[in-house]
Amino acid sequence: MKRSADGARRPRSAVVVAAAVLAAVPVMAGTATALAPAGAGAPAARPGRTAAASPVGRWALKVSFEGRTYDSTVQFTPGGTAFIVGGGAGSWTRTGDGRFTFRIAEPVWGAQGDYLGRVSVDQRARLAGDTFTSSGVSRQYDADDVLVRSVRAHDTGTRS
């Protein structure tokens, strides 16, 4: 249990559930800027070559950790920003042909709107067509920024 600003005790179950959903999101590999970070979106195709695969777009995720699977949705922008639909933001970076990393931080709010902490997701992904798989670590922090737990998470994304 965690005490909120009004002194009432709040269950940590909301934080645990948020950690599960966020575990599907990978780690930030840089900071988002107004300009596209190096290696962000897909490069222009050269004559005789096709453009490299890009994660830009909306993805339905299956996030698995500790024997459970959760649904989530993420959006990757051409400029290198990554969003969890419904809350949380971070960045993504191309790390090679068909490979990228992403990092997203999502705040966790209690039923009364009090801040309970955040979950930081850090993932390395491999893209093949309209699917990607990723793995990494999600870290849950309490409202005082104290690390509460870390879990290994595996994601499967399908372009939606």
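**Salt bridges and the barrel**

Reply: Let us begin with a side chain in a predicted model. Arg159 is partly exposed, with a relative accessible area of 29%.

Me: What does Arg159 form a salt bridge with?

Reply: The partner of Arg159 is Asp130, and the closest N and O atoms of the salt bridge are 3.0 Å apart. The pair links distant parts of the chain, since Arg159 belongs to strand S10 and Asp130 to the loop between S8 and S9, 29 residues apart. Asp130 counts as partly exposed, at 48% relative accessibility.

Me: How many salt bridges are there in the whole structure?

Reply: A search of the whole structure finds four salt bridges. One of them joins Glu66 to Arg149, with 3.3 Å between the closest N and O atoms. Glu66 lies in the loop between S3 and S4 and Arg149 in strand S10, so this pair ties together parts that are 83 residues apart in sequence. Arg149 is partly exposed, with a relative accessible area of 23%.

Me: And what about Arg118?

Reply: Arg118 forms a salt bridge with Asp145, where the closest N and O atoms are 3.2 Å apart. Here too the pair links distant parts of the chain: Arg118 sits in strand S8 and Asp145 in the loop between strand S9 (131-142) and S10, 27 residues apart. Arg118 is partly exposed, at a relative accessible area of 23%, and Asp145 also counts as partly exposed, at 47%.

Me: Which strands close into a barrel?

Reply: Eight strands do, in the order S3-S4-S5-S6-S7-S8-S9-S10, with antiparallel pairing. From one strand to the next, the twist averages 30°.

Me: Take me through the pairs. How many bridges do S3 and S4 have?

Reply: Strand S3 (residues 57-65) and strand S4 (residues 68-76) pair in the antiparallel sense over nine bridges. Leu61 stands opposite Ser72 in S4. The hairpin of S3 and S4 has two residues between the strands, and Glu66 takes a positive phi near 50° there. Glu66 is also the residue that forms the salt bridge with Arg149.

Me: Next one along, then. How many bridges join S4 to S5?

Reply: Three bridges join S4 to strand S5 (residues 81-84), and the two run antiparallel. Val74 stands opposite Ile84, while Gln75 has Phe83 as its bridge partner. The hairpin of S4 and S5 has four residues between the strands, with Gly80 in the turn at a positive phi of about 100°.

Me: Which residue in S6 is the bridge partner of Phe83?

Reply: In S6, that partner is Ala89. S5 and strand S6 (residues 89-96) pair in the antiparallel sense over three bridges. Their hairpin has four residues between the strands, and Gly86 in the turn has a positive phi of about 105°.

Me: How many bridges are there between S6 and S7?

Reply: S6 and S7 pair over seven bridges, in the antiparallel sense. Trp92 has Phe102 in S7 as its bridge partner. Two residues lie between the strands of this hairpin, and Gly98 in the turn has a positive phi of about 75°.

Conventions
Residues are numbered from 1 along each chain as its sequence is written. This is a predicted model: local features need pLDDT of at least 70, side-chain atom pairs count only at pLDDT 80 or more; totals for chains, interfaces and linings use all residues. Side-chain values use heavy atoms; hydrogens and water are left out. Two strands pair if DSSP finds at least two bridges between them. Axes are lines fitted to C-alpha atoms, for helices over the stretch in contact, and angles run from 0 to 180 degrees between N-to-C directions. A salt bridge is a side-chain nitrogen of Lys or Arg within 4 Å of a carboxyl oxygen of Asp or Glu. Buried means under 20% relative accessible area, exposed over 50%, partly exposed in between (1.4 Å probe, protein chains only).
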